[in-house]
Amino acid sequence: MILGLLLLHLAVCGLLAASGRRLGRRGLLVGAVPPAVTAIWSATRLGTSAPQTAEVTWVKGLDLGLTFRVDAFGDVMTLIVSGIGALVFVYAHGYFSPEAAGTGRFATTLLAFSTAMLGLVWSDSVWSLFIFWELTSVTSFLLIGHKSAEGTALAAARRTLMITGGGGLVLLAGLLLVARAADTTLISQMLPAHGASAVAGAVLVMVGAATKSAQTPFHVWLPGAMVAPTPVSAYLHSATMVKAGVVLVAVLGPALGHLATWQTLGLAFGIASLLWGAGGALRHRDAKLILAWGTVSQLGMLITLFSAGTPKATLAALALLVAHALFKGALFLVVGEVDVRAGTRNVDELGGLARSMPGAFWTAVLAGLSMAGAPPLLGFVAKEAAIEAALALNGPERWAIGAGVIAGSVLTVAYTVRLLVKLFGPGPRTEPARRRTATAAPAALLAAAGVAGYAALGPLLGVLKSAAGRLAGGAEMPTLYRWPGLTAALGISLAVLAAGLLVGLLVTRRQVRVPAPRGARWSDQCLEATLAFAKAVTGRVQHGSLPVYLVTMTAAAALATIPFLGSVGVGHLFAWDTPLQAILAATVVGAALGAAAVGTRLGAGLALGAAGITISAIFVIAGAPDLVLTQLLVETVIVVGFVLAFGRLSRRFPPVGLRWRSVRLGVAGVGGAAVVVGLLAASHNPAGAPPIAEMVSGSVGEGGGKNVVNVILTDMRALDTLGEVVVLAVVAVGILALARAPADSGSPAP
């Protein structure tokens, strides 16, 4: 079923790519079909089904392939990714006008992103995870830059790709180290890893997760991405893409959660983002930016709880993950509706929408109360669990996490109050345009789900416990309460609501000054400086001189052999198998020296031909007929090329200065020495016995041929043979180009 659903997504992507322009806005409804089917499938599995796996093998011997596993946690994430995805597609159909350009392309890219995110949450191998991780970065780049005519959109898209794509490379290095330390590439089979590789891998993985989940200081891409259409903001930047880093921290917790480095770095990222993001949400006037900065804060809360690693913290984080997807998705959709109908997102220019947009008002109130952690909503249950998890800790972690969670919760209530009052409270009377049901219904469903989650906490708790148990290594899970009773956590929660309400009302009455986007500017300047440096280096290196290119490549290859100097040995060497080899070797050396010293093109051609034919003779003695044939064909092509080219080239080579001749001779000598070093090191450290018997057996049994050499060339070493054919083709093309070149002007070489 897993592969079938992925194929369904890919098939509809292809359909939209081929027919999107003709379908127009209707393509968004077509794109909603695969996520809707997947959401229904995951809903039927919640809390009842065993893990389901699927695998697509690429290279069996190297353990390379796409491996998928949908367990209890995968079911929850699937329902979030696909359920909210289907609603966003429907919302986008109402969000875009019938005359909007590029809706077919938008639908294709949005479904491609949904497919990539689905593959990410289903991935069970580090290879699958990395591939889909990078696909989410590429597709989000395209979605953020959907309005390609706007410079701000292109800059935001490029910034996002730079940070998340760079984080992906860091993640790849970390995953390789973790897989090495855990001795498996399957995430579900990773046991607690130890050693230097595990520690280094943990640091790299956490940094990679922080870039995708917009953790401070890598958060600067998320506010800038708000230039994208609201469906993108609601789907990518509240419910799905930004959860990728959180998912990564969650699923690798069993393997890395015991490491102090992992926990310390996760808490540092999480608490800093929790406070910095909430503070940023109080300082902006654009409603989408308020929600974006709030997302940075909420993601910090999730990273903090998952990094704590206790069963209570894991269950609280999972409950908050579900609640956040519901209330933040609903709020983004409401803000998008306000933007479309009122023509602005500036909260200082809005007000009085409670009467003119009652549906949006009640949707925002329900979602906002859940975000603030007020009862009777799922956000209240999650916040209570987070406070209880912090109080259950010991030592410095209790104070750090507790203070961060409480302070962040106060600020969350404050910016929620400010947003709701500014949009729907007293203020400039806003007269919105005609209501669009397609934009109102999905937001209302998400907000209502927060109420339903609170009311049906019993069945939901079973699902969350099963998923949290998977992330906590099978540990026994605590419980969640609709009403916890008169506990310390409840007292703190009520104090948080009161303090946040007071701060929010005070901030609402003040005219805030929008902060300058320094972080975004610095990241853009860093990118511009990198591009300028690359351009300068390219201009100095790629200047069009073929001799300089050859010298540079040879010198670089020679330097690459330095690490092998310690492996060089000569004890295994012997002079020759037959004295004829010594004579032929001396002939090759003499021909090479002659080719370097002769001044005429004909003499150089003859010397090179002598060297090539002599090498063919050495291959004959060594019993390598395929190499003999290849070498002779190359020599033949070269001779033909010389015959064609001599009529268009000067008889002698252009004069070369002593300095340049010395450089070329020196580099050639170093290159030859490098080859000798590589051969000595490789032959001194053989990898094993030659697989002659296996090749003979495989030639008859698998290749179906009695001529072992032919089967090896055309079957076992087919790629190597193809490479030799390519070499011949390249040589032929080069000779043809040389024959068609204009006559040599005789100008000196550089």
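The following legends describe close-up views of a predicted model.

Local features are reported only where pLDDT is at least 70, side-chain atom pairs count only at pLDDT 80 or more, and totals for chains, interfaces and linings use all residues. Residues are numbered from 1 along each chain as its sequence is written, and side-chain values use heavy atoms, with hydrogens and water left out.

**Figure 1. Overall architecture of the chain.** The chain has 31 helices and 2 strands, assigned as DSSP runs (helices H or I, at least four residues; strands E, at least two) and numbered from the N terminus. Its C-alpha trace spans about 95 × 55 × 50 Å along the principal axes. Of the 750 residues, 48% count as buried, where buried means under 20% relative accessible area, exposed over 50% and partly exposed in between (1.4 Å probe, protein chains only). Among contacts (heavy atoms within 4.5 Å) with a separation of 6 or more, 79% join residues 24 or more positions apart.

**Figure 2. The largest nonpolar core and the surroundings of Trp 122.** A nonpolar core is a set of buried Ala, Val, Leu, Ile, Met, Phe, Trp, Tyr and Cys residues joined through side-chain atoms within 4.5 Å. The largest such core has 169 residues, and those with the most contacts inside it are Phe 73, Trp 122, Leu 252, Trp 262 and Leu 480. Helix α15 (residues 311-342) gives the most to this core, with 20 residues. A second, separate core of 7 residues includes Ala 372, Ala 374, Val 413 and Val 417. Leaving aside neighbours within four places in sequence, the contacts of Trp 122 include Ile 2, Leu 5, Trp 41, Phe 68, Arg 69 and Val 70.

**Figure 3. Salt bridges around Asp 71.** A salt bridge is a side-chain nitrogen of Lys or Arg within 4 Å of a carboxyl oxygen of Asp or Glu, and the whole structure holds 10 of them. Asp 71 is buried, with a relative accessible area of 7%, whereas Arg 69 is partly exposed at 22%. Arg 69, Asp 71 and Arg 470 are linked in a network of salt bridges.

**Figure 4. Two further salt bridges.** Glu 528 pairs with Arg 158, the closest N and O atoms being 2.6 Å apart. Because Glu 528 lies in helix α23 and Arg 158 in helix α7, the pair ties together parts that are 370 residues apart in sequence. Glu 528 is partly exposed at 39% relative accessibility, and Arg 158 is partly exposed at 32%. In the other salt bridge, the closest N and O atoms of Arg 345 and Asp 339 are 3.2 Å apart; Asp 339 is buried, with a relative accessible area of 16%.

Figure 5. On a 1 Å grid over the protein atoms alone, a pocket is an open set of points where a 1.4 Å probe fits, with protein on both sides within 12 Å along at least five of seven lines; lining residues have an atom within 4 Å of a point. About 680 Å³ of space lies in the second largest pocket, the volume being the space filled by probe spheres set on the points, which are joined across faces, edges and corners. The lining comprises 27 residues, of which His 284, Trp 293, Ala 516, Pro 517 and Arg 518 lie nearest the centre of the pocket. Helices supplying at least two lining residues each include α7 (151-182), α13 (260-281) and α23 (518-541).
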